[in-house]
Amino acid sequence: MEVVQVVGLALVAVTLLAVIRPQRPELAVLLSLAAGAALLALVLARVGAVLDLLRQVALKANVNFQYLTLVLKIIGVAYLAELGAQVARDAGEGAVAAKVELAGKVIILALAVPIFAAVMELMLKMLS
Amino acid sequence: MDVGVIWQIAGVGILVAVIHGVLKTAGRDELAWLVTLGGVTVVFLLVVRLINALFTTVRTMFQL
């Protein structure tokens, strides 16, 4: 039962944060970051199982593996950017959080450019 | 490892808060500030290790 673990960890972390935050706000930021990392690490094993299944399905359906890898990369970038932005927002730095989100969007756009180019090429081929 | 780190960080936080208060009432302001800095550094090292593990996992899983 991973749900019990996750909720228990979150409850412990929130209680400790409530104790620490008024006295040491800088340590509270680090504690919330550690709690977030621990929670993500708990769930990531399950994500790995789902990704393996996706890979098997893609192999059976003869989908180009390059595209699946790209989608996975985009999910990873979104995941990490979200984590960074939330930590920054939690520390009260909304401006930094907005920049992290913007950077994540730009990187995802740059990753998606090859697919977009392929679609454009296909369309041009169909037109001519 | 996961829950232990949380307890460690919280313990360091409470300890640092108490020591900071004691030193401040004793009139040793600069020492209190140093204790705070040391606590933050120790916790930061712990968190960096955790974050490094998380980043490595994400990087291998999503092939970043």
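A residue is called buried if 20 or more other C-beta atoms lie within 10 Å of its own, exposed if 12 or fewer do, and partly exposed in between, with C-beta atoms placed from the backbone. The legends describe a predicted model, in which local features need pLDDT of at least 70 and side-chain atom pairs count only at pLDDT 80 or more, while totals for chains, interfaces and linings use all residues. Residues are numbered from 1 along each chain as its sequence is written, and chains are lettered from A, with ligands numbered from 1, in the order in which they are written.

**View 1. The loop residue Asn62(A).** Asn62(A) lies in the loop between α2 and α3 of chain A, where helices (H or I, at least four residues) and strands (E, at least two) are DSSP runs numbered from the N terminus. Is this residue buried or exposed? Asn62(A) is exposed, because 7 other C-beta atoms lie within 10 Å. Its phi is near 60°, a positive value in a residue other than glycine. Most residues other than glycine have a negative phi.

**View 2. The overall outline of chain A.** Chain A holds four helices and zero strands, following the pattern α-α-α-α along the sequence. Its C-alpha trace spans about 70 × 40 × 15 Å along the principal axes. The radius of gyration of chain A, taken over C-alpha atoms, is 20 Å, whereas a compact globule of 128 residues would have a value near 14 Å, by the rule of 2.2 Å times the number of residues to the power 0.38. Buried residues make up 17% of the 128 residues in chain A.

**View 3. Helix α2 of chain A and its kink.** The 36 residues of α2(A), residues 25–60, should span 52 Å at 1.5 Å a residue, and the end C-alpha atoms are 52 Å apart, which agrees; the expected span is 1.5 Å times one less than the number of residues. A kink of about 30° is centred on Leu44(A), the bend at a residue being the angle between axes fitted to the seven residues ending there and the seven starting there. Among the buried residues of α2(A) are Leu27(A), Leu30(A), Leu31(A) and Ala34(A).

**View 4. The largest nonpolar core.** Such a core is a set of buried Ala, Val, Leu, Ile, Met, Phe, Trp, Tyr and Cys residues joined through C-beta atoms within 7 Å. Of its 31 residues, Leu27(A), Leu30(A), Leu31(A), Ala34(A), Ile6(B) and Ile9(B) touch the most other members. Two or more residues come from each of α1 (2–23), α2 and α3 of chain A and α1 and α2 of chain B, and α2(A) gives the most, with 10 residues. Leu31(A) touches residues including Leu16(A), Ile20(A), Ile9(B) and Gly13(B), not counting residues up to four places away in sequence, with contact meaning C-beta atoms, placed from the backbone, within 7 Å.

**View 5. The contact between chains A and B.** The contact takes 31 residues from chain A and 26 residues from chain B. On the side of chain B that touches chain A, α2(B) gives the most, with 14 residues. By class, this side has 21 nonpolar, four polar and one charged residues, where Ala, Val, Leu, Ile, Met, Phe, Trp, Tyr, Cys and Pro count as nonpolar, Asp, Glu, Lys and Arg as charged, and the others, Gly among them, as polar.

Terms used:
Contact = placed C-beta atoms within 7 Å.
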